[in-house]
Amino acid sequence: MHWLLGREKKEEEAGFGIGLGLSSGSLPQAAATMFSCVGCFWVLLSSALVAVCSFSFISPAWIVKDQLRSGHQHQHQHHSSKDSVSFGLLWHCSESLDHMYRCYTFGGLGRFAEIPSSSWQTSAVLCSGGCALLAVSSLLAIITIFLPSGGCERRICTLAGYMQMASVFIMATGLLVYPFGLNSSLVRSFCGDADIYYAGECQIGWGYMLAIVGVMLTVFLPFFAKYAPKEQLSPTPLPTLL
């Protein structure tokens with residue numbers, strides 16, 4: 001009788017241990033499917049910066065010349081010199097004599113060679129290419145949210161981090177090249193004695209400043225990509241400079 005009771009007790013303890021093993025083994029699996037807070041923030045920031053960079057690159061307000069406030073007091077003196085004008089990567093806007101603000105592309109769509117400066121052509125290629133690369137990396141970041149933790153997720157995060165790092169250098173180079181086109185004849189006809197990195201009578205517009213801010217914030221994306229995987233014990237390897 002005592003032997004039967006001892007056997008039943010051992011079986012119950014064995015079953016309880018098996019249950020604990022199953023429950024403890026299921027915890028890592030459940031944790032693997034949970035979203036990473038750093039990963040979610042990385043995805044949101046990547047998507048927001050893609051929108052910021054895209055909006056700034058298509059903006060026509062990189063170089064701006066506002067209408068002079070004193071023009072109302074001298075309406076009969078050099079009225080045409082007081083017209084507002086702005087330049088972007090692909091757009092040129094100006095205010096006509098009837099005070100209508102009109103924007104048009106350089107030479108029309110599909111005529112990339114008619115952008116007035118080779119520096120602006122190079123800047124347009126670099127900025128658009130960097131923004132496209134950033135958009136692809138943002139798509140990869142979104143995909144990692146729905147992947148379970150593991151080698152596949154870490155590899156995609158690593159790839160996206162490298163792409164975002166490359167997009168920073170590409171877009172930054174495009175922004176540095178753009179002011180070399182300020183000495184073109186078109187810019188000088190509106191901005192006076194403009195030269196490389198000198199806008200003359202014009203000034204830096206909000207579009208160019210927004211692009212600079214977007215690129216500066218993009219610098220932080222590879223750091224978040226390093227800690228985006230759900231398994232924080234082994235972060236994705238990135239270059240030693242990070």
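The model is predicted: local features need pLDDT of at least 70, side-chain atom pairs count only at pLDDT 80 or more, and totals for chains, interfaces and linings use all residues. Residues are numbered from 1 along each chain as its sequence is written, and side-chain values use heavy atoms, with hydrogens and water left out.

The protein has seven helices and five strands. Helices (H or I, at least four residues) and strands (E, at least two) are DSSP runs, numbered from the N terminus. From that end, the order of the elements is α-α-β-β-β-β-α-α-α-β-α-α. Of the 242 residues in the protein, 38% are buried, where buried means under 20% relative accessible area (1.4 Å probe, protein chains only). Among contacts (heavy atoms within 4.5 Å) with a separation of 6 or more, 66% join residues 24 or more positions apart.

Next comes a pair of helices. Two packed helices are described by the angle between their axes and the distance between the axes. Helix H2 (residues 37–57) and helix H6 (residues 206–218) pack at about 155°, and their axes are 8 Å apart. Axes are lines fitted to C-alpha atoms, for helices over the stretch in contact, and angles run from 0 to 180 degrees between N-to-C directions. H2 and H6 are therefore roughly antiparallel, a term for angles over 145 degrees. On the H2 side the contact is made by Leu 49, Val 52, Cys 53, Phe 55, Ser 56 and Phe 57, and on the H6 side by Trp 206, Gly 207, Leu 210, Ala 211, Gly 214, Leu 217 and Thr 218. This contact has nine nonpolar, four polar and no charged residues. Ala, Val, Leu, Ile, Met, Phe, Trp, Tyr, Cys and Pro count as nonpolar, Asp, Glu, Lys and Arg as charged, and the others, Gly among them, as polar.

Two single residues follow. Glu 95 lies in strand S3 (residues 91–95) and is buried, with a relative accessible area of 14%. Its C-alpha atom is 9.8 Å from that of Asp 66, which is 29 residues away along the chain. Ser 119, in helix H3 (residues 118–145), is buried with a relative accessible area of 16%. Leaving out residues up to four places away in sequence, Ser 119 touches Val 177, Phe 180 and Gly 181.

Methods. Parallel < 35°, antiparallel > 145°, perpendicular 65-115°, else oblique. Buried < 20%, exposed > 50% of the residue type's maximum accessible area, 1.4 Å probe, protein only.
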